[in-house]
Amino acid sequence: HFIGHIQSRKVKYLSDYQYVQSIDRLEIAEDLNDRLEKLEKGIYVLVEVNIGREPQKSGVFPERLGEFLDRVSVLSNLKVLGLMTMPPMLYPVEDRRVYFREASQLFQQFKSQYHLEVLSMGTSDDYLLAIQEGSTMVRLGTCLFGRRSF
């Protein structure tokens, strides 16, 4: 799985992954699709939703999600498997619930139309809330591997 912001010049490295969890721009999706087509290969992608509408974060704003899914779902070498989101880093952690709930509602709204299967939300800090609100995939790096030192 690739998780994280995708820089244009790094798209060429994504074809080695089975899953890309952070598609958020049409030009990135189209570039990746073109590269995969030449390799006669396909991959699963999750569309990153900027659920908190935070200007410093990447991701599609919720009100633009339907339009974005329309455009990406027709790319033949990308299989849109679901949505991925990171809520604002609020404390207490319970304050993140409203964002998980909104993401879950979006997932339910688009699930049948786009055959979505995965709602990736929740990390080591907030995975219980995310699961309670409908997450089907959590990212538990810190729980498993400890805090990163920078």
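This is a predicted model: local features need pLDDT of at least 70, side-chain atom pairs count only at pLDDT 80 or more; totals for chains, interfaces and linings use all residues.
**Glutamate 54**

Select glutamate 54 and display its surroundings. Its relative accessibility is 12%, so the residue counts as buried, the cut-off being under 20%. Leaving out residues up to four places away in sequence, glutamate 54 touches Met86, Pro87 and Pro88.

**The sheet**

Next, select the strands. Five of them form an open sheet in the order E1-E2-E3-E4-E5, with parallel pairing. Strand E1 (19-23) and strand E5 (137-139) stand at the edges; each has a single partner strand, so one side of each lacks a neighbour in the sheet. From one strand to the next, the twist averages 30°.

Valine 49 may be picked out here: opposite it, in E3, stands threonine 85.

**Helix H3**

Proceed to helix H3 (residues 97-114). With 18 residues at 1.5 Å a residue, H3 should span 26 Å; the distance between its end C-alpha atoms is 25 Å, which agrees. Centre the view on glutamine 108, where H3 bends by about 25°.

Which residues of H3 are buried? They are Arg97, Phe100, Ala103, Ser104, Leu106, Phe107, Phe110 and Tyr114. To see what covers the buried residues of H3, display the elements around them, which include E2, helix H2 (65-72), E3, strand E4 (118-123) and helix H4 (127-132). Then step past the end of the helix: H3 is followed by histidine 115, whose phi is positive, near 55°.

**The nonpolar core**

Finally, turn to the largest nonpolar core, which has 36 residues. Select Val20, Ile23, Leu32, Leu78 and Leu83, the members that touch the most other members. At least two residues of this core come from each of E1, helix H1 (26-38), E2, H2, E3, H3, E4 and H4. Which element gives the most to this core? That element is H3, with six residues.

End on valine 20 and display its contacts. With neighbours within four places in sequence set aside, valine 20 is in contact with Phe2, Ile6, Leu14, Leu32, Ile43, Tyr44, Val45 and Leu46. One of these, Leu32, is, like Val20 itself, among the core residues that touch the most other members.

Technical notes. Residues are numbered from 1 along each chain as its sequence is written. Side-chain values use heavy atoms; hydrogens and water are left out. Two strands pair if DSSP finds at least two bridges between them. Helices (H or I, at least four residues) and strands (E, at least two) are DSSP runs, numbered from the N terminus. Axes are lines fitted to C-alpha atoms, for helices over the stretch in contact, and angles run from 0 to 180 degrees between N-to-C directions. The expected span of a helix is 1.5 Å times one less than its number of residues. The bend at a residue is the angle between axes fitted to the seven residues ending there and the seven starting there. Buried means under 20% relative accessible area, exposed over 50%, partly exposed in between (1.4 Å probe, protein chains only). Contact means heavy atoms within 4.5 Å. A nonpolar core is a set of buried Ala, Val, Leu, Ile, Met, Phe, Trp, Tyr and Cys residues joined through side-chain atoms within 4.5 Å.
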